[in-house]
Amino acid sequence: MPQLPAPAYPAEARARLEADAKEVIARYPDSRSALLPLLHLVQSEEGYVSRTGMAFCAEMLGLTTAEVTAVATFYTMYRRKPSGDYQVGVCTNTLCAVMGGDAIFDRLKEHLGVGNGQPDMTTADGKVTLEHIECNAACDFAPVVMVNWEFFDNQTPESATQLVDDLIAGRTVEPTRGAPLCTYKETARILAGFPDERPGAVEATGGAGHASLIGLKLAKGEAAPKARVVSPRGEAPSDQPQKGAEHLSSHDAPQETSASDPDHPAGPAAEEGE
């Protein structure tokens with residue numbers, strides 16, 4: 001059976017969203033460029049991008065609902081069904097996975113009774129939605145969990161379990177770095193381009209962590225590299241190279257090659273085809 005037309009927003013919500021949408025559209029020389037923030041705007045209303053929200057965006061921008069749907073279904077930041085106040089995303093990409101991301105996700109899935117591959121990813125009380133995330137761009141803090149796009153670094157199954165329990169209980173939770181947590185609807189409104197009016201939230205955003213900046217500091221000569229040998233598991237790290245490991249990589253010093261080894265001369269390069 002074909003779907004019935006999407007229901008309209010209530011009059012009060014429609015008037016409020018229309019005023020906000022016109023403010024967003026005015027920022028762009030071409031109105032259709034406002035589609036991404038408008039999708040965040042309607043998501044801030046219902047917690048996901050509903051058929052009503054997509055019809056509203058299409059009407060405001062002079063697009064077809066098919067064009068809006070194509071965008072809304074492409075980006076994973078737009079939810080297609082009701083979800084929780086807190087989106088708990090566990091990175092299970094390569095580095096986070098080997099550092100414990102898979103174990104964290106499995107523990108949370110079992111602890112909450114939700115997760116990818118199951119009928120519902122959201123807890124019954126509507127507090128937490130659990131999902132995989134493909135790379136949080138914070139590999140130097142692996143394994144990483146994000147809650148409403150705020151970082152919780154260096155997590156373990158135990159710390160992540162405590163985190164979701166605190167969220168469900170309504171206890172204050174502080175990200176490892178970044179602004180204080182707010183609900184997913186509030187986050188969506190900020191992503192739509194409206195100011196974060198919470199006192200001190202903008203100032204608390206901060207910057208990258210030490211591990212992310214050390215490479216930049218080395219490149220600018222602001223920090224001196226220190227040779228360090230990684231020892232087998234169970235042994236303390238050593239600052240002295242082990243025998244046979246005087247050079248930590250081929251970039252540290254010239255290595256003996258065929259051109260400088262009389263026993264293995266490279267010889268002149270042959271002409272093509274010889």
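This report covers cysteines and salt bridges in a predicted model.

Local features need pLDDT of at least 70, and side-chain atom pairs count only at pLDDT 80 or more, while totals for chains, interfaces and linings use all residues. Residues are numbered from 1 along each chain as its sequence is written, and side-chain values use heavy atoms, with hydrogens and water left out.

## Cysteines

How many disulfides does the whole structure hold? A search finds zero. A disulfide here is a pair of cysteine sulfur atoms within 2.5 Å. C96 is in no disulfide; its nearest cysteine sulfur belongs to C91, 3.7 Å away.

Is C96 buried or exposed? C96 is buried, at a relative accessible area of 3%. C182 also counts as buried, with 9% relative accessibility. Buried means under 20% relative accessible area, exposed means over 50%, and partly exposed lies in between (1.4 Å probe, protein chains only).

## Salt bridges

The whole structure contains 13 salt bridges. Each one puts a side-chain nitrogen of Lys or Arg within 4 Å of a carboxyl oxygen of Asp or Glu. Three of them are tabulated here.

| Pair | Closest N and O distance |
|---|---|
| R32 and E67 | 3.8 Å |
| E158 and R107 | 3.4 Å |

Take R27 and E23 first. R27 is partly exposed at 36% relative accessibility. E23 is partly exposed too, at 43%.

Next comes the bridge between R32 and E67. Which parts of the chain does this pair link? R32 sits in the loop between α1 (11-25) and α2 (35-46), and E67 sits in helix α4 (residues 65-72). The two residues are 35 apart, so the pair links distant parts of the chain. Helices are DSSP runs of H or I with at least four residues, strands are runs of E with at least two, and both are numbered from the N terminus. R32 counts as partly exposed at 46% relative accessibility. E67 does as well, at 33%.

E158 is partly exposed, with 49% relative accessibility. R107 is partly exposed, with a relative accessible area of 34%.

Which residues form a network through shared partners? Salt bridges join R14, E18, K22 and E59 into one network.
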